[in-house]
Every structure is written in C-alpha cells, then in structure tokens.
Amino acid sequence: MSDEQQNMKNNEIVKNLRKLAITKQLNFLIGSGTSYPAIPLMGMIKEEKTEERNKMLAQKVKMVSSRLLEDISEIEQEISITLENYVEFISKIIDILNLSNSRQTPRTTNLFTTNYDLFIEKASDKVLHTYRFVFNDGASGYFERKLDSSNYNRTVSYKGLNDNYTNEIPSVTLIKPHGSMNWEKKDDSVLIRNTIVDSPVIVKPTGYEEQETFYNNHFHEMLRVFQLELDKPQSVLFVIGFSFQDNHISKMIKRAIQNPELIVYAFGFTDEDRHIYLENLGLTDERNNFIILTPKDFSNEYRTLIHSDKGEDRYSFTLSNLTGILRGASLEDLKNGKS
C-alpha cells in the first residue's frame, strides 16, 4: 500500500469515528492507562509480591486523589498533565453531545471506568464552570448522597420561560464498577462523599475481582447497567486505557458484541496491544463490530511519538489522541451519518 493510500485509509478511520460519536449512543470504557502518568500501571511497580504491588498502587491512587481535592494550582506536574487530559476529553464530549440530534439519540454519554481515582469527577467539576451539562454519578441526596443505579436512567431538559420549547441538556453519566476513593459504606448503602474516605468501597486488584464484584450488590449493579447500555440499539463503545485483563468485564464485552447493532472500538496504546487484546479476550481475530485500532492505524496528527531510533519511530495512542479525533467532529459528520 502506497503512502497516499495509507493516508486515505487513516483519514477514513478518523471520519468514521467522528460520525459514530455523533450519531450513535455514545459509551466509553476507561481503564487505568488513561490516568498515566499521574498513576503508574501495575506492571511499572517493581515489587515482587503481588500483595505489595496492590498495596503500593492503592496508596498511590489515594494520594493522587487527595491531591486533586486540594489547591490544584500547586499539584505535581504529572497530576496536572493527567487532569488536563481529562478536562479536554470531557469538554470535547460535551461539544459532540451538543451536535447530536436529541430526537434520534439522547444527549447522554456513559463513562464506565474501572479506575477508582477522582480524575473524571475533578475534570467534570472544572468543565462545569464553562459548559452547561449534567454530571450524573448515580447519587441522590444533599448532605448524604446515596448511590442508586436507578438514578442513571434519566435525562434533563431546559424549558423556555414561556413553555414554548424544551431542549435536552447534555449529560455525562459516570459508572464505576470497581468503586471509588470517595465511596463510603453505611449500613446497606454506599454514600458518595466529597472527600477521600478512610475505608473506600473499591475492588482491589487481587486477581479475584470477578468474585468480589459479583458478591457485592453495588458492584454487581454497576456491571448490570454496563451490560444494559451495551444491549441498546445503535450504540458505540470506545475502549481506551483498558487491556481486557479483567475477566468479568471481558466476558461482558464478548457477550455484548453478539448484538450486531453495537460497535466496539478498542484503542491500543502501542501496536503490540492488538495481539494482547485478542489473547486476553480469547479471540483469534477481530469481528465486524469489534475493531482494534493502534498507532499504526493513524497519521502522525493523531498519535504520539514515544521513541525514535535509527530511523525507526515508535508511537503511542493515548486519551489526548482520542480527544484530538473527537475535537474535529462537526455537523457535516452528523449529515453524513444520516445518509
């Protein structure tokens, strides 16, 4: 394939991603890779014992989440960079939801994340200063905000002063099937606090996540919502920073792609991730509605140079690269999606 043909193919991929983001029910599955460099990946922690690595990672997540709730003008550079990546990402999602036709597709995006840090919450709080949208973390209440999965399935509209029109407000729904650093157990309920709690309700990376998730009603409810959303018609799921090592979620993805109306795009950090993803999913190849995209599938505009040696460049694909693709979405993509 010539360079010109490759560029045309790459451009078509980008155009298609933008069109899907605007015209389909938009969902994201966000894994630990998106919170790097503020939070290291498990494989980067050098401790030999798994238990020690888990402990160190949990401590790091707690420390970073605590710093996010302090004066952000004084936070460390790695935390600041990561937070800004999330802020840009949330901002672009709101732009896309404002472009979509709410009579055909609800102006709602679902963010499913296995992370229990508070980057999405903090970024959304910052974006709310300049954008009008609803941030729905599944909680209701004022002084005691209680988590309840029934709170997810809702839309909010703005009504004109004379009742002469209604306009659906964009909504970002955050669903955390592994818990969060600000979730606190109280009796049979989970309360969402605005601080880091001493004993947060989280699924620790022990290797027994599947058992722990299904034994805990709250985690099970989060996964049930995830499955229900993927079963809806005309949906798209973008997977970023997630390597499909969580067996219980991987099983749900494999089940969900039996729905021909669901399209899943999994973005690999490096080109080697294509093989890793398929192996973790127990698949021999991609499907018509399950596509893996890695840096080689994009032009330099939408990938990041990480290493250059003897004329051989190595690239990565990150959350900021996905944001760059979404940034270019336009009304033209919406028109093309109707044809």
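The largest cavity in this predicted model holds about 50 Å³ of space. A cavity here is a set of points, on a 1 Å grid over the protein atoms alone, where a 1.4 Å probe fits but cannot get out. Grid points are joined across faces, edges and corners, and the volume is the space filled by probe spheres set on the points. Search the whole structure and you find one cavity of 30 Å³ or more. What lines the largest cavity? Its lining is made of E121, D137, Y152, L174, K176, S180, N182, W183 and I192, where a lining residue has an atom within 4 Å of a point. Sorted by class, that gives four nonpolar, two polar and three charged residues. For this sorting, Ala, Val, Leu, Ile, Met, Phe, Trp, Tyr, Cys and Pro count as nonpolar, Asp, Glu, Lys and Arg as charged, and the others, Gly among them, as polar.

A word on the ground rules. Residues are numbered from 1 along each chain as its sequence is written, and side-chain values use heavy atoms, with hydrogens and water left out. Since the model is predicted, local features need pLDDT of at least 70 and side-chain atom pairs count only at pLDDT 80 or more, while totals for chains, interfaces and linings use all residues.

Now step back to the whole protein. It has ten helices and 15 strands; these are DSSP runs numbered from the N terminus, with helices being H or I of at least four residues and strands E of at least two. Of the 339 residues, 50% are buried. Buried means under 20% relative accessible area, exposed means over 50%, and partly exposed is in between (1.4 Å probe, protein chains only). The protein exposes about 17,400 Å², with carbon and sulfur atoms supplying 46% of that; the areas come from the Shrake-Rupley method with a 1.4 Å probe. As for contacts, meaning heavy atoms within 4.5 Å, take those between residues at least 6 apart in sequence: 70% of them join residues at least 24 apart.

Next, the interior. In soluble globular proteins, nonpolar side chains tend to be buried together. The largest nonpolar core here has 55 residues, and F28, L111, F238, F267 and F298 have the most contacts inside it. Such a core is a set of buried Ala, Val, Leu, Ile, Met, Phe, Trp, Tyr and Cys residues joined through side-chain atoms within 4.5 Å. Another core lies apart from it, with 35 residues, including F112, F242, L262 and L278. Leaving aside neighbours within four places in sequence, L111 touches F28, I30, F89, I90, I93, I120, V172, T173, L174 and I175.

Helix 3 spans residues 77–99, and T82 sits in it. Is T82 buried or exposed? T82 counts as buried because its relative accessibility is 0%. Beyond its neighbours within four places in sequence, T82 is in contact with T34, S35, Y36, P37, A38 and F119. T82 and F119 are 37 residues apart in sequence, yet their C-alpha atoms are 8.0 Å apart in space.

Most residues other than glycine have a negative phi, and most peptide bonds are trans. Y36 and P37, however, are joined by a cis peptide bond, with omega about 15°. P37 is in the loop between strand 1 (25–30) and helix 2 (50–68).

D187 is between strand 9 (183–186) and strand 10 (189–192), and is exposed, with a relative accessible area of 68%. Q234 is between helix 6 (217–230) and strand 11 (235–240); at 39%, Q234 is partly exposed.

Helix 6 also contains Q227, which is buried, with a relative accessible area of 11%. Setting aside neighbours within four places in sequence, Q227 is in contact with M252, R255 and A256. Finally, look at helix 9 (residues 319–327), which is mostly covered, with seven of its nine residues buried: L319, N321, L322, T323, G324, I325 and L326.

Definitions and conventions. 1 Å grid on protein atoms, 1.4 Å probe; cavity = no way out; pocket = protein on both sides within 12 Å on 5 of 7 lines; lining within 4 Å.
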